[in-house]
Amino acid sequence: MHMPVTIIGAGLGGLTLARVLHVHGIPVTVYEAESSPTVRTQGGMLDIHDYNGQLALKAADLMDEFHAIILDGRQATRVLDPDGTVLLDKADDGKGGRPEVQRGELRQILLDSLPAGTVRWGHKVSSTRALGSGRHEVTFADGGTVVTSLLVGADGAWSRVRPLLTTATPEYAGTSCVETYLFHADTRHPAAAKAVGGGMLIAPAPGREIFAHRESGDTLHTYVALTRPQEWFATIDFTDAAAATARIAREFDSWAPELTALITDGDTAPVLRPQYALPTGHRWDRVPGVTLLGDAAHLAPPNGDGANLAMYDGAELGKALAAHPDDVEAALTEYEQAMFPRSAAVTTFEGGEVQGIDSEYNTAQDLINMITEKSQ
């Protein structure tokens, strides 16, 4: 296949696609809105699953590089009741299929695997339009344009490529997270550090949840989730870090202090992260010369599988294009017909169905029961 592929978005999915195409000798260019790979931090920990994310890295021939960035011990899992009672303390025995890595390090090994110049930084897309015969024009914020016969939208929740295929847009999913960090946790925040343990902490309750992870460098990274309308969060002034922290903490007044310390003792200002989703089972009719992957195709609330699915999408699309070098439409059809049901499948945690945060079954004991049933 000699037709160059144009990818919009240098996230994990777009970069995985670019790498798999490069492995197969297919020319590719990635356009990214950010001005450089270091312009912002790349989020926290990711558990890369053996049934999708790792398969994508194998297709990209990057498993050695992946193994080099795994953080040992981070698959440990603790489940606590809101009163601090530890209901599950599962050690990382090294046999799990979800090793943890830092998102930024994973992105960097993908970037390092591509020839210089593959990613064009500072190219924010302002619009896209169809030109006919499978060709599309991409217009950038600086007025520049590029015309391509094979366009892939890997540009996330608010994709500028998606309107070429569908009128669907993300809607608020009913829950938002507030993100906090605690640094040098073992010495400066010992109670919270003990509660989290060596890996992941989950403290669920109907309508609210505290999820924390021990990252590299003795850092605790926390997402505090609340099921509330956007109007409720709009009443909180997040430019006033102390006031915002106090308001969120009030929703957890009766919880154990070692858990609420993950909110109140944050070393960074709290950051609001609303959750959005595309309609469940979102799909589109085949449009020549263009497709989507990752959140651009199947945005869902955070569930532990988003990055893995995006990478797997990228790898599967790359493999399909390599397998059909003379029939791009056959490749895109094959990819989409497998991707649609895959992305709509029930999300699982440790092999069990995940309850929504707003569910009456979003409790520590129900989570334990689910994990126990899976292990049996």
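The largest nonpolar core of this predicted model holds 59 residues, of which Val-5, Ile-7, Leu-21, Leu-57, Leu-106, Leu-317 and Leu-321 touch the most other members. A nonpolar core is here a set of buried Ala, Val, Leu, Ile, Met, Phe, Trp, Tyr and Cys residues joined through side-chain atoms within 4.5 Å; buried means under 20% relative accessible area, exposed over 50%, and partly exposed in between, with a 1.4 Å probe and protein chains only. Leaving out residues up to four places away in sequence, Leu-317 touches Leu-17, Val-152, Thr-291, Leu-293, Leu-332 and Tyr-335, where contact means heavy atoms within 4.5 Å.

Residues are numbered from 1 along each chain as its sequence is written, and side-chain values use heavy atoms, with hydrogens and water left out. As the model is predicted, local features need pLDDT of at least 70 and side-chain atom pairs count only at pLDDT 80 or more, whereas totals for chains, interfaces and linings use all residues.

Helix α8 spans residues 241–250, and its residues Ala-244, Thr-245, Ile-248 and Ala-249 are buried. Because these residues cover an arc of only 130 degrees around the axis, they lie on the same side of α8; the arc is that of the directions from the helix axis to the C-beta atoms. The elements that cover the buried residues of α8 include the strands β12 (171–182) and β15 (219–227) and the helices α7 (230–234) and α9 (257–264). Helices (H or I, at least four residues) and strands (E, at least two) are DSSP runs, numbered from the N terminus.

Strand β12 contains Gly-174, which is partly exposed with a relative accessible area of 22%. Beyond its neighbours within four places in sequence, Gly-174 is in contact with Leu-226, Thr-227, Arg-228 and Gln-275. Gly-174 is 22 residues from Val-152 in sequence, and the C-alpha atoms of the two are 29 Å apart in space. The charged end of Arg-228 sits over the ring of Trp-232, 5.4 Å from its centre; this requires NZ of Lys or CZ of Arg within 6 Å of the ring centre and within 35 degrees of the ring normal.

Seven aromatic pairs are found in the whole structure. Rings of Phe, Tyr and Trp (its six-membered ring) pair if their centres lie within 6.5 Å; planes under 30 degrees apart count as stacked, over 60 as edge-to-face and the rest as tilted. Trp-158 and Tyr-276 form an edge-to-face pair, with 5.2 Å centre to centre and 75 degrees between the planes. This pair links distant parts of the chain, 118 residues apart: Trp-158 is in the loop between β11 (151–153) and β12, and Tyr-276 is in strand β16 (residues 271–277). Tyr-276 is partly exposed, at 24% relative accessibility. Another edge-to-face pair is formed by Phe-252 and Trp-255, at 4.8 Å centre to centre and 80 degrees between the planes; both residues are buried. Trp-158, Tyr-172 and Tyr-276 form one aromatic cluster.

Positive phi angles occur at His-184, at about 50 degrees, and at Asp-218, at about 60 degrees, although neither residue is a glycine. His-184 lies in the loop between β12 and α5 (185–188) and is partly exposed, with a relative accessible area of 47%. Asp-218 is in the loop between β14 (208–215) and β15 and is partly exposed at 22% relative accessibility.
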